[in-house]
Amino acid sequence: MANPSLLILPGDGIGPEVMAEVRKIIDWFGAKRGLAFDVSEDLVGGCAYDAHGTPLTDATMAKAQEVDAVLLGAVGGPQYDDLDFSVKPERGLLRLRKEMDLYANLRPAQCFDALADFSSLKRDVVAGLDIMIVRELTSGVYFGEPRGIHTEGNERVGINTQRYTESEIARVARSAFELARRRGNKVCSMEKANVMESGVLWRQVVQEVHDREYPDVELSHMYADAGAMQLTRWPKQFDVIVTDNLFGDLLSDLAAMLTGSLGMLPSASLGAPMANGRPKALYEPVHGSAPDIAGQGKANPIACILSFAMALRYSFDKGDEADRLERAVETVLAQGLRTADLLGEEGAQPVSTGQMGDAIVAALDASL
Ligand code: IPM
Ligand code: MG
C-alpha cells in the first residue's frame with residue numbers, strides 16, 4: 001500500500017523554523033516506527049504572494065485536496081499589511097479552510113504541569129486543565145454575504161454578515177458530541193441567542209441534535225460573553241465547548257493563554273471523510289507567524305509538533321503513537337528545557353528551536 005501523503009506548508013515568519021523541527025519528528029516515525037509518509041512541500045501566505053502574486057496558487061490548492069493531511073506553519077507579516085485584502089497572506093489559509101470544507105476546528109487547551117506557573121491565573125485554577133474548543137470554521141461572519149465597504153451618502157459603511165444554516169450548525173455539533181463521548185462526555189455550546197437570530201437558531205439546532213442523537217452527553221448552553229467570563233473564572237468546569245467561527249476565534253485565544261503559552265497549542269481542522277475514510281484535514285499551531293522573533297532560534301516548535309501528534313490521532317488512526325509523542329513533549333518540559341517564550345523560572349534550561357526539536361527526538365528514542 002502507498003504511504004500516506006502529507007503536504008507541508010511552512011508559510012511565513014517562524015513557520016519554516018518550527019516546521020523544520022516537525023520534519024525531524026516525521027523522519028523519526030518513518031525510521032523508527034515504520035510510519036513512512038510521502039511528504040511534499042509548498043508555499044502559502046506571504047511567501048506565496050512574493051513568488052506568485054497570490055497567497056495560495058490553484059496548483060497548491062489542488063494538491064491540498066488530494067493529500068491525506070496538510071500541515072501548516074503560520075502565515076502573515078507586517079510587510080504584507082498594506083496589500084489588497086484579496087491577496088493578504090490570511091486569505092491563503094481561509095481559502096484552504098473553505099475549499100477543503102474544514103468545518104470542525106479542534107483547539108485543545110491543555111495545561112502542561114511543568115508550565116502551570118506560566119499562566120496568568122493561579123496554579124490551582126489551571127493545573128490539569130484539559131478542554132477542547134470546537135470552533136465552526138467555514139461559515140458565519142467570516143464568509144457571510146453581503147460583505148464589503150461601500151459609500152452611503154457622504155460616509156463609508158463596512159458590512160459583514162453572520163449567517164448559519166441548520167446543516168452547518170448540526171454537523172459541527174455532531175463533531176463536538178462525538179469528541180465529548182471520548183473525553184468527559186460534556187458539551188457547552190456558546191452563542192449570543194439573547195441578541196442574534198443566528199444564535200437562537202444555533203442553540204435550537206444544537207439542542208435538537210443532542211436530544212435526537214446524543215442524549216447521553218451532558219449539554220449546557222451559555223452566552224458567549226458569559227462563557228468568556230467563566231473560562232477565566234473556573235475553566236475546569238468545561239470539557240468540550242462548541243461555538244461559531246468568530247466567537248471560537250476569540251474564545252480559543254483566551255483558552256490558549258490560560259495554559260501559559262500560545263507556543264504550546266496545536267489545532268486540527270477536519271472536514272467530511274474522503275473516499276479512503278480519512279477526514280479532509282489540516283493541522284496547524286494556534287500561534288501566528290511571530291515576525292518579531294523569526295529567524296532567531298527563539299520560536300517554540302512544540303505547538304507545531306503537537307499538531308503533527310493530532311494528525312497521527314485524527315488522520316492516521318495512530319492514537320498510541322500520538323500519545324508517545326505527547327509524552328516525549330512532557331518529558332522534555334519536565335527536564336526543564338525551555339524555549340525563549342517560556343523562560344523565567346529558576347532551573348530552566350534555555351534551548352533554541354532546534355535544540356528543543358532534538359530533545360524531543362531524543363525523548364522519543366528513549367521511549368522505545
Ligand atoms: C486563527 C487566526 C485566523 C482566524 C487568521 C489568521 C485568519 O486568528 O486561526 O485563529 O481569524 O481564523
Ligand atoms: Mg485567531
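## Burial and overall form

A residue is called buried when its relative accessible area is under 20%, exposed when over 50%, and partly exposed in between, with a 1.4 Å probe and protein chains only. By that criterion, 54% of the 368 residues of the chain count as buried. This is a predicted model, in which local features need pLDDT of at least 70, side-chain atom pairs count only at pLDDT 80 or more, and totals for chains, interfaces and linings use all residues. Residues are numbered from 1 along each chain as its sequence is written.

A compact globule of 368 residues would have a radius of gyration near 21 Å, and the 20 Å of the chain therefore agrees; the radius is taken over C-alpha atoms, and the globule rule is 2.2 Å times the number of residues to the power 0.38.

The chain has twelve helices and 14 strands, where helices (H or I, at least four residues) and strands (E, at least two) are DSSP runs numbered from the N terminus. Seven of the seven residues of β12 (residues 279-285) are buried, so the strand is largely enclosed by the rest of the structure. P279, A281, Y283 and P285 point one way, whereas K280, L282 and E284 point the other.

Strands pair if DSSP finds at least two bridges between them. Strand β11 (residues 266-273) runs antiparallel to β12 and is joined to it by six bridges, with P266 partnering P285. Strand β3 (residues 69-74) runs parallel to β12, with two bridges, and L71 has Y283 as its bridge partner.

Terms used:
Chains lettered and ligands numbered in written order. Heavy atoms only, no water.
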